[in-house]
Amino acid sequence: MRTFEQKWTAWLDGQLSGSELTEFEASLPDKAAAEAEKANAKKLGALLKREIGAHGLANEEFFSHQLRERIARESARPSRERDGGVSTWWTIRRLLWTGTASLAVFLAFAIFVMHDKNPAEQSQYLTQILNARVDPVVSPNATISMFEAKEDRVTVLWTEGLQSLPADYAAK
Amino acid sequence: MARWLALFTAFIALIVSVAPELHGAETVWSGLVIAENVAQPQPIPPELTRIERPLKQLFGYNQFQVIGQSSKILKTGQEDWLAISKFFGLHVDARGETEAGYVLNLKLYKEKELLLETDTKLSRRSPLVIKGPQVGSGQLLLVLVVQ
């Protein structure tokens, strides 16, 4: 059993027929006012259908356009980018090789620099005499000089004027 | 690849481990030498073979005889020792080690009398020769060599 509101809605929509339509229209207190209201409802329905329908279509087209553009962009990208992983030239193997090669180059340079440095610093590796002195009481006329025989890498402290000693002092 | 890397690492480790050992304990030979010109010279002592040519060229003698000597193994670079003959004494006082060799204080005594004193940096590669007093017809030389 439908209520009055349900019957009213069905009547507005034109869905009542037969005895049900006759009974409902007979139950209306002011049929003219009801007919006017039905006409207004129909107009409103048509208007809404037209406006909402047109708007919905525009959104659908916009979405389709967006979707087509995205598909086109995706298609234009290189395949490896679409795969998701960011590829790089530095693989593990290449990193290892590059590291090893860098160390080798460093060692080569280090050896070269050290080898090149030695001649310049050769004097540093000759024996150096920091100071020398003789007893002025025992040998008042003694003089001291020093030199390096670089060819033989021998350093010499040369004294002159030391007190001469008899041959006996050469004993072991 | 892994094999090469392991070899390379081993090579580097070897260099790093061996390098400090190159400056380990060393022996310093110190000698009192009488240089003379004689008709029939004796062969040069083995300790002086290394410097035979400069000894003969610089001092002009044809015979070199060791009258006193000492070989000292330096471990800390702070040792001291004596090389003595009947009348002479060479006191060597090591006062530290440098990259090139040892810092030494040398004192030459004639019996108890100090004749000569010097401070040197004795290099591993470079012997030191000190011309001492005239002794008879010859010459006293002091020689120090890192062996």
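Modeller: Let's start with a definition: two strands pair if DSSP finds at least two bridges between them. Helices (H or I, at least four residues) and strands (E, at least two) are themselves DSSP runs, numbered from the N terminus. The model here is predicted, with local features needing pLDDT of at least 70 and side-chain atom pairs counting only at pLDDT 80 or more, while totals for chains, interfaces and linings use all residues. Residues are numbered from 1 along each chain as its sequence is written, and chains are lettered from A and ligands numbered from 1 in the order in which they are written.

Colleague: Thanks! Which strands make up the open sheet, and in what order?

Modeller: First the general idea: strands of a sheet pair through backbone hydrogen bonds, either parallel or antiparallel. In this model, 5 strands form an open sheet in the order S1(A)-S6(B)-S5(B)-S4(B)-S3(B), and the pairing is antiparallel.

Colleague: Which strands stand at the edges?

Modeller: S1 of chain A and strand S3 (80-84) of chain B do; each has a single partner strand, so one side of each is left without a neighbour in the sheet. From one strand to the next, the twist averages 15°. For such angles, axes are lines fitted to C-alpha atoms (for helices over the stretch in contact), and angles run from 0 to 180 degrees between N-to-C directions.

Colleague: How many bridges join S1(A) to its partner in chain B?

Modeller: There are 6 bridges between S1(A) and strand S6 (residues 113-123) of chain B, in the antiparallel sense. To find your place, look for A:Ala132, which stands opposite B:Thr118 in S6(B).

Colleague: What joins the neighbouring strands within chain B?

Modeller: Between S4(B) and S5(B) there is a hairpin through 3 residues. Strand S4 (residues 88-97) of chain B and S5(B) run antiparallel with 8 bridges, and B:Val92 stands opposite B:Leu106. Another hairpin is formed by S5(B) and S6(B), with 2 residues between them, and B:Glu111 in its turn has a positive phi of about 55°. Strand S5 (residues 101-110) of chain B pairs with S6(B) over 10 bridges, again antiparallel; there B:Tyr109 stands opposite B:Leu114.

Colleague: How do I read the whole of chain B along the sequence?

Modeller: Follow the pattern α-β-α-β-β-β-β-β-β-β, which has 2 helices and 8 strands.

Colleague: And how many residues of each chain are in contact with the other?

Modeller: Two residues are in contact if their C-beta atoms, placed from the backbone, lie within 7 Å. By that rule, 35 residues of chain A touch 39 residues of chain B. On the chain A side, helix H5 (92-120), strand S1 (128-134) and strand S3 (154-160) give two or more residues each. S1(A) gives the most, with 7 residues.

Colleague: What is A:Arg153 in contact with, leaving aside its neighbours within four places in sequence?

Modeller: Its contacts are A:Leu126, B:Arg125 and B:Ser126. A:Arg153 and A:Leu126 are 27 residues apart in sequence, while their C-alpha atoms are 6.2 Å apart in space.
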